[in-house]
Amino acid sequence: MAAGAPFLALAAAFGALGVGLGAFGAHGLKGRLGASGLETWETAVSYQLIHTLALLAAGIWLRLGGVAAGGAVSVAGWSFVVGILLFSGSLYVLALGGPRLFGPITPLGGVAFLVGWSALLVAALGSPR
């Protein structure tokens with residue numbers, strides 16, 4: 001499998017899913033969720049799409065840099081995947097009225113996003129290119 005391929009594939013899937021979930025929220029849930037629920041949904045979609053682009057960048061970085069790009073960029077990519085699943089995923093569940101026990105999961109996703117951005121910073125500062 002080519003360098004960065006898993007991140008590129010996941011970015012494509014998360015991107016398509018994010019657009020679909022955004023449209024579903026705007027059209028299918030608008031009358032069903034209160035203002036707070038709809039705002040939570042929109043936050044989940046926004047963070048998913050922003051970090052999908054970051055995941056795409058990590059995949060491209062690995063594709064162009066190969067093994068030399070390695071460690072920190074891979075940490076970043078997997079951190080973005082975990083962040084999307086935990087942060088956005090828990091917000092989707094909460095917006096739909098899921099159990100409040102999903103609330104404490106959201107900050108863990110936020111921490112994963114911070115780890116991802118920090119890993120990209122480390123990769124950028126250590127990159128000889």
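**Exercise 1. State what share of the residues of the protein count as buried, and describe the overall fold.**

*Solution.* Step 1: of the 129 residues of the protein, 40% count as buried, where buried means under 20% relative accessible area, exposed over 50% and partly exposed in between, with a 1.4 Å probe and protein chains only. Step 2: the model is a predicted one, in which local features need pLDDT of at least 70, side-chain atom pairs count only at pLDDT 80 or more, and totals for chains, interfaces and linings use all residues. Residues are numbered from 1 along each chain as its sequence is written, and side-chain values use heavy atoms, with hydrogens and water left out.

Step 1: the protein contains four helices and zero strands; helices (H or I, at least four residues) and strands (E, at least two) are DSSP runs, numbered from the N terminus. The pattern along the sequence is α-α-α-α. Step 4: the C-alpha trace spans about 50 × 25 × 20 Å along its principal axes. Step 5: among contacts with a separation of 6 or more, 75% come from residues 24 or more positions apart, a contact being heavy atoms within 4.5 Å.

**Exercise 2. Determine how the axes of helix α1 and helix α2 are arranged.**

*Solution.* Step 1: two packed helices are described by the angle between their axes and the distance between the axes. Axes are lines fitted to C-alpha atoms, for helices over the stretch in contact, and angles run from 0 to 180 degrees between N-to-C directions. Step 2: the axes of α1 (residues 5-28) and α2 (residues 35-65) come within 8 Å and cross at roughly 160 degrees. Step 3: α1 and α2 are therefore roughly antiparallel, since angles under 35 degrees count as roughly parallel, over 145 as roughly antiparallel, 65 to 115 as roughly perpendicular and the rest as oblique.

Step 2: α1 passes α2 in a left-handed crossing; a crossing is left-handed if the near helix is turned anticlockwise from the far one by less than a right angle, and right-handed if clockwise. Step 5: the contact of α1 with α2 is made up of 19 nonpolar, seven polar and one charged residue. In this division Ala, Val, Leu, Ile, Met, Phe, Trp, Tyr, Cys and Pro count as nonpolar, Asp, Glu, Lys and Arg as charged, and the others, Gly among them, as polar.

**Exercise 3. Describe the crossing of α2 with α3, and then that of α3 with α4.**

*Solution.* Step 1: the axes of α2 and α3 come within 9 Å and cross at roughly 165 degrees, which makes α2 roughly antiparallel to α3. Step 2: α2 passes α3 in a left-handed crossing, and the contact holds 17 nonpolar, ten polar and no charged residues. Step 3: the axes of α3 and α4 come within 7 Å and cross at roughly 160 degrees; α3 and α4 are therefore roughly antiparallel. Step 4: α3 passes α4 in a left-handed crossing, and their contact divides into 21 nonpolar, seven polar and no charged residues.

**Exercise 4. Identify the buried residues of α4 and the surroundings of Thr106 and Ile84.**

*Solution.* Step 1: the buried residues of α4 are Thr106, Gly109, Gly110, Ala112, Phe113, Gly116, Ala119, Leu120 and Ala123. Their cover includes α2 and α3 (70-95). Step 2: Thr106 counts as buried because its relative accessibility is 11%. Leaving aside neighbours within four places in sequence, Thr106 is in contact with Leu86, Phe87, Ser90, Leu91 and Leu94.

Step 1: Ile84 lies in helix α3 and, at 3% relative accessibility, counts as buried. Not counting residues up to four places away in sequence, Ile84 touches Phe14, Gln48, His51, Thr52, Gly89 and Phe113. Step 4: Ile84 and Ala44 are 40 residues apart in sequence and 8.5 Å apart in space, C-alpha to C-alpha.
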